[in-house]
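Work through the exercises below with the sequence and coordinates open. Each task is followed by a stepwise solution.

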Amino acid sequence: MSAFLRRFLRNRGAVAGFGILMLVVVVAIFAPLLYPTSPWMMVGRPLLVPFSDGQFPFGTDMLGRDIGAGLAYGARVSILISLTSTVVAVVIGVGIGAVAGYYGGVVDDFLMRVTEIFQTVPQLAMAVVLVAIFTPNIYSIVIAISIVSWPPVARLVRGEFLSLREREFIQAATVIGLKPLRIIFGQILPNAMSPIIVTASLMVATAILTESALSFLGLGDRNMMSWGFMIGAARTMLREAPLMSILPGCAILLTVLSINLIGEGLNDALNPQLRKKGGH
Amino acid sequence: MTQTDTILEISGLGVPLPSVGDRSHAITDVSLTLKRGEILCVVGESGSGKSISANTVMGLLPPGMSPDAGSVTFKGRSVLGLGEREMEALRGADISMIFQEPMSALNPTMKVGQQIMEVMEEHNRPADATARQKRMLELLGVVGLPDPESLQHVYPFRLSGGQRQRIVIAMALALEPSILIADEPTTALDVTTQAQILQLIRDIQASMGMAVLFITHDFGVVADIADRVAVMEKGRLVEMGTRDEVLDNPQHPYTRRLLAAVPHGRPRTDPVPKGAPILKVENLTKTYVTAGGFGRARRVVHAVQDVSFSLARGETLGIVGESGSGKSSIGKCLLKLQDIDGGRILFDGSDIAPLSPSAFRPMRRRIQMIFQDPFASLNPRHSIARILTEGPVAHGVPQSRAMDRARELMDLVQLDRSALERYPNEFSGGQRQRIGIARALALDPELIVADESVSALDVSVQAQVLELLDHIQRSTGVSMIFITHDLRVAAQICHNIGVMHQGRLVEYGPPAEILVNPSQEYTRRLIAAIPGRAQPH
């Protein structure tokens, strides 16, 4: 484990990404302390330009709501929705991929055709439809994002299982009489963890983007301030008050970028042999 | 110039290891001379530094390693100081190399003829494309491949291991190098194919008059091919002499140990234990069908055809054959790792073939397997203790009893008990194979199937593991099916031997009879291919 940490820390981009993400998480956790009033409250003069007023350093929007409060509470929504939807998607993806890869044959054919149906529909379009059907709230958003993002995990896990199940140590596990579930979860899955972790970290970033896009389209949770909603609300005033869109945009950009950097760092740290060019 | 001119001289060569391991240098103070037109064998176990020595000559050391002492002189010119550009000119043209694994040495997406010509193009010799084409066809003939005209258009995956190795040799010979370095070129091959490739290298060496530096761990091979022998142990040269000197009168104890480790092939003669058979196989048939697709015909391979034999309690049966003979398929069928297409497998009187996986699972305890690859057969993420106790626990043995048994097994397979806390990557190939044996024994089986369980090991380690298997079989009275390509090994530890050829059991009998008086032409070929038997030169 320490060797893994050392390899991860050697990657400067990953460390920087981790720093930014931690900052976002801290802001998200302490949002109610930083901004005790609701982000939906009109607290000041509308359209205060950011960085001009000491009381509202990030300015106010056209209704006089504090943009700083919006950013802080938006971080909560982004982190909450992206993490839960990724966990759900990984659980579904690992389950389906593991069963398809381990049993193969007809089971594999059936599950992969189902996966392909989900993969052929554009992710965002399907998410929009699902949220629209279930009425927008935090649960339907999490479910919609999970449903559109599990197929790549399933395919990845299936591929890993297909190659791992041919390995002699899996045959050995069969020979000593282990049951299939023990082989899947005790023997194969631990050996497939590294690519799953890397994919999951990148899925968190995609989930943030999907959630923002949904909110931008007005399909966010009505009770939760989110970055996508802020951009959507500000777009009508893009010429007059560009920073109103740009600030939440930067928040999305930095968070997604930091998660991607972490994902890349994890990939390098978990698969050290890929980094050595031309090595054996 | 005379035939005894020195063409390559390595003197006082030292290469340090990058990280501090059990020794500071991969090789220390190695001095060798290679003369024109001779075959010098460098012999040693894995980790003895024999491959590092060869790679230094070729300038092919892994990144982070470079020699810190000594010199390498090729035709009077120092090689060590040369830049990458100059080394490239030297490689292939003056010194070429063939490797152990013929598949990874060839580009899978390129036709073999093209690959041979590429070597010539790279060095622009001959400069004319049609001349290169002609030379390529000629080379395919030289390495004994049939029908060069059509074979040049074939991709590597269509060829057998032996044929691929011939292609690699053709590539190495393309520019008529003065030195050929062969790094364990036959280790990955069957005995019969090995015998053919050794013969080919000998013939080519004699007709082209080049010098060969031949690296091997097997003294049987040395006896077949060497003019002179250098023995390496732990990065140092411990003995050097002509073949007959070293083989007949070894001076260094390490050389003697290596020589003693070569399977002697003396047949086991104690009688087969009497009693009811534990296993009876009747008309076993297994066919593989690969699905056809665009432009591919459906391929049907009759891996096992109508094979019958029986095994008494306490008997060891050897199943011998080349790769593709169906011997491993039999092992997999017996353990129900794959379904069978016909016949019966009577284990202790009842047919296990039709049982469903869950119906067979309680019986698995009684039939165990020792696998071929010591590196792939242990889960890298599990401790040795977990590997040894998982099976018994799954069959209802309490964890504490399983742990006690695991400790006993460590003693039995001669590993330290502290090994239980460690993970597979901390062990050598031989040690891992001992762990694999302990895993099979943990369930107190009545039948053990050992599938090529010693063939991935160095000869010296192989001898130790064989001795262990023999000891365990004799002391516990477990029945064993020993699958191998090596007739010598089978003869040593088996009561009876079955010879497999193209899916059929062609010969069956006690080893003394089979070795001395084989009834089948194929068995005679297998016996003739045993290294160290053929009369060189």
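The model is predicted, and local features need pLDDT of at least 70, side-chain atom pairs count only at pLDDT 80 or more, while totals for chains, interfaces and linings use all residues. Residues are numbered from 1 along each chain as its sequence is written, and chains are lettered from A and ligands numbered from 1 in the order in which they are written.

**Exercise 1. Describe the fold of chain A and its annotated span.**

Step 1. Assign the elements: helices (H or I, at least four residues) and strands (E, at least two) are DSSP runs numbered from the N terminus. Chain A then has twelve helices and zero strands.

Step 2. Take the extent and the burial. The C-alpha trace of chain A spans about 75 × 45 × 35 Å along its principal axes. Of its 280 residues, 43% are buried; a residue is buried if 20 or more other C-beta atoms, placed from the backbone, lie within 10 Å of its own, exposed if 12 or fewer, and partly exposed in between.

Step 3. Sort the contacts (C-beta atoms, placed from the backbone, within 7 Å). In chain A, 69% of the contacts between residues at least 6 apart in sequence join residues at least 24 apart.

Step 4. Consult the record. An unreviewed UniProt entry lists residues 75–263 of chain A as "domain: ABC transmembrane type-1"; positions follow the numbering used here, feature names are shortened, and annotations may be inferred rather than shown by experiment. This span is 84% helix and 0% strand, with its end C-alpha atoms 19 Å apart.

**Exercise 2. Which elements of chain B each supply at least two residues of the side that touches chain A?**

Step 1. Count the contacts: 22 residues of chain B meet 15 residues of chain A.

Step 2. Name the elements. They are β16 (367–370) and α13 (384–394) of chain B, and α13(B) provides the largest share, three residues.

Step 3. Classify the chain B side: ten residues are nonpolar, five polar and seven charged. Here Ala, Val, Leu, Ile, Met, Phe, Trp, Tyr, Cys and Pro count as nonpolar, Asp, Glu, Lys and Arg as charged, and the others, Gly among them, as polar.

**Exercise 3. Trace the six-stranded sheet of chain B.**

Step 1. The sheet is open and mixed, in the order β6-β7-β8-β3-β9-β10; strands pair if DSSP finds at least two bridges between them.

Step 2. β6 (95–98) and β10 (236–242) of chain B are the edge strands, each pairing on one side only.

Step 3. Check both ends. β6(B) and β7(B) are parallel over four bridges, and B:Met97 stands opposite B:Ile181 in β7(B). β9 (residues 228–233) and β10 of chain B run antiparallel, joined by six bridges.

Step 4. Inspect the side chains of β6(B). B:Ile95 and B:Met97 point one way, B:Ser96 and B:Ile98 the other way, and all are buried.

Key:
Two residues are in contact if their C-beta atoms, placed from the backbone, lie within 7 Å.
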